[in-house]
Amino acid sequence: MKNSHWTRLCAVALGLGAPAALAGTVDDNRLIGANNDTTDWVTYGHSYDNQRFSTLAEIDRSNVARLAPRWIFQTGIAATFQTTPLVADGVMYITTPRNHVVALDAASGAERWRYRHEMTGGKLCCGPANRGAAMAYGKIFTATADGRLVALDRDSGKVAWDVVIAARDSAPTETLDLLAADDPLRNAQVTGASGLGANMAPLVFDGLVIAGVTGAGYGLHVDDDDESGPALSAVIGIEGKFGRRGYLAAFDAATGKEAWRWYTTAAQGWEGSWRTVTADGEKLHRDIATEKASFATYKTAWQQGGGSTWTTPALDPELGLLYLGTGNPAPQMDDVSRPGDNLYTVSLVALDARTGALKWYFQQVPHDLWGYDVGSPPVLFELEGRPVVGQAGKTGWFYVNDRRTGEFLFKSEPFIPQENMFVPPSPDGVRIAPGAGGGASWSPVSYDPGTGLAYVAAMHLPMNYSVRQKEATNGKPGLRYSVLEVAGGPKWGTLSAIDTRAGGKIAWQVKTDRILVGGVLATAGGLVFMGEGTGFLNAYDSATGDALWRFQCGAGVNAPPITYTVGGTQYVAVAAGGHHLFGFPQGDAVIAFALPN
């Protein structure tokens, strides 16, 4: 964005907004009742059900075309920016890349305090992005890329406690040296490899702060710095013990002491039932006989079996259950050293929120080879009085399960093209879609409880999938590895309205020129807000998908929008900081929009 445009936006903020109100209490009752909160945004998904739906309607179909920036705040850190801002009692709380936390006056954007995070350790597994904070009991909680959970005083930003949730280790990590000498990918730039960190927004419930770890089965990500398209060039999975064991854990909100931990790989039963089809009936092209023959050799693969926890769980307070998505098994893609179904990776799971005990699981893709993490946050809603949980898959389907038992009910029509689904790699390569990015990546969906429509942002990013071999040399054994490379040809995004009351039919769909990653907001004003990596924040008619408004934010809008009110004025706010992995322009802004006075 031109400097003159930034200057103009900053000038808009001058003189606006009264001093923020003193912080009110955010306790369990307020969190449980967040769905009825017409003012604030106090938890990651707006409420425990992760619906990201607001009953605010001052901004609606009739006037959204007049929406304009009211203030802008620049963090000073231009990097992949994925935060969901929190707002309570006139104060906004944001997390930045590299895990700083900033409190802002929600009416004017003026900074109130800033926590500067001092990173520990070396290279990060999965980049510097952070997806937001949690608040409760007078504190702000943030999980960090260097594997810590930090509690800050909500009024001052001072550290209340700081604990390690993912200790650094000396386990092996994938490197380009492991590739064949003549493989052109040896000259690529590494952007990430296996190693534990954290980037989800924590969830607070009943005195516990719940957070999980990333990078458990990350594989080797490389990029080609091609600004004309996705920066991501390839994802490489290498035979061997390169993964970590993923988990979700709960910590005492007062002290930071760990209360429970649930591991995403099963010490007993890791092999599962050797499924030849998915639980929803799709054929898996597996060589079960070969897998079973090698299982005794690799029966301890669960110890480094992957299963990252990328996004904030949903919670049913009445049932006391958490609903969590788990990531791909490790090694990513390459499966020689992990025969079996690899439980509980690539699954939607329900845990007892107070103890971490497993209640049920639904494995979307047993023995995953394609990087189809259950990444988009689960969303809770009801169908004909039945409590259900929905999840937008990387596979390109929106899955719906019974919330109490995990029973699979149905999946939607595909919301993105599908090609060679669940086909393994070959030496010559096979084109697959969705690729490792999805489908629906980590981007949260929004759900309108009045209409039953779920709004899903997704990407069409096909990949070529091949298996390769490094020859044995100088007494060293050969090594197999698998490569997913971004394919040529058209790539695009889709915003889909999925009718959950009509068995998952697509009510409408909007196609965008570039892939979509970031998230969606729906409001009672009949609007759906969604950002694009090209820098636009867009508003659509929630019933028809008609485009009603857009604004160029100057950097990729690859974060979920929120809405709130201060002093009777409704605001829509979003982070505009781009996404390095997908080649979207980076920046450092949070922009709040409102109707003209």
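Modeller: Strands β4 (residues 91–95) and β5 (residues 101–105) run antiparallel and are joined by 5 bridges. A strand is a DSSP run of E of at least two residues, and strands are numbered from the N terminus. The model is predicted, so local features need pLDDT of at least 70, side-chain atom pairs count only at pLDDT 80 or more, and totals for chains, interfaces and linings use all residues. Residues are numbered from 1 along each chain as its sequence is written, and side-chain values use heavy atoms, without hydrogens and water.

Biologist: What makes β4 and β5 a pair?

Modeller: Two strands pair if DSSP finds at least two bridges between them.

Biologist: Why are β3 and β6 called edge strands?

Modeller: The open sheet has 4 strands in the order β3-β4-β5-β6, with antiparallel pairing. β3 (86–88) and β6 (111–115) each pair on one side only.

Biologist: How do you know that N99 is buried?

Modeller: Buried means under 20% relative accessible area (exposed is over 50%, partly exposed in between; 1.4 Å probe, protein chains only). N99 has 0%, so the term buried applies. N99 lies in the loop between β4 and β5.
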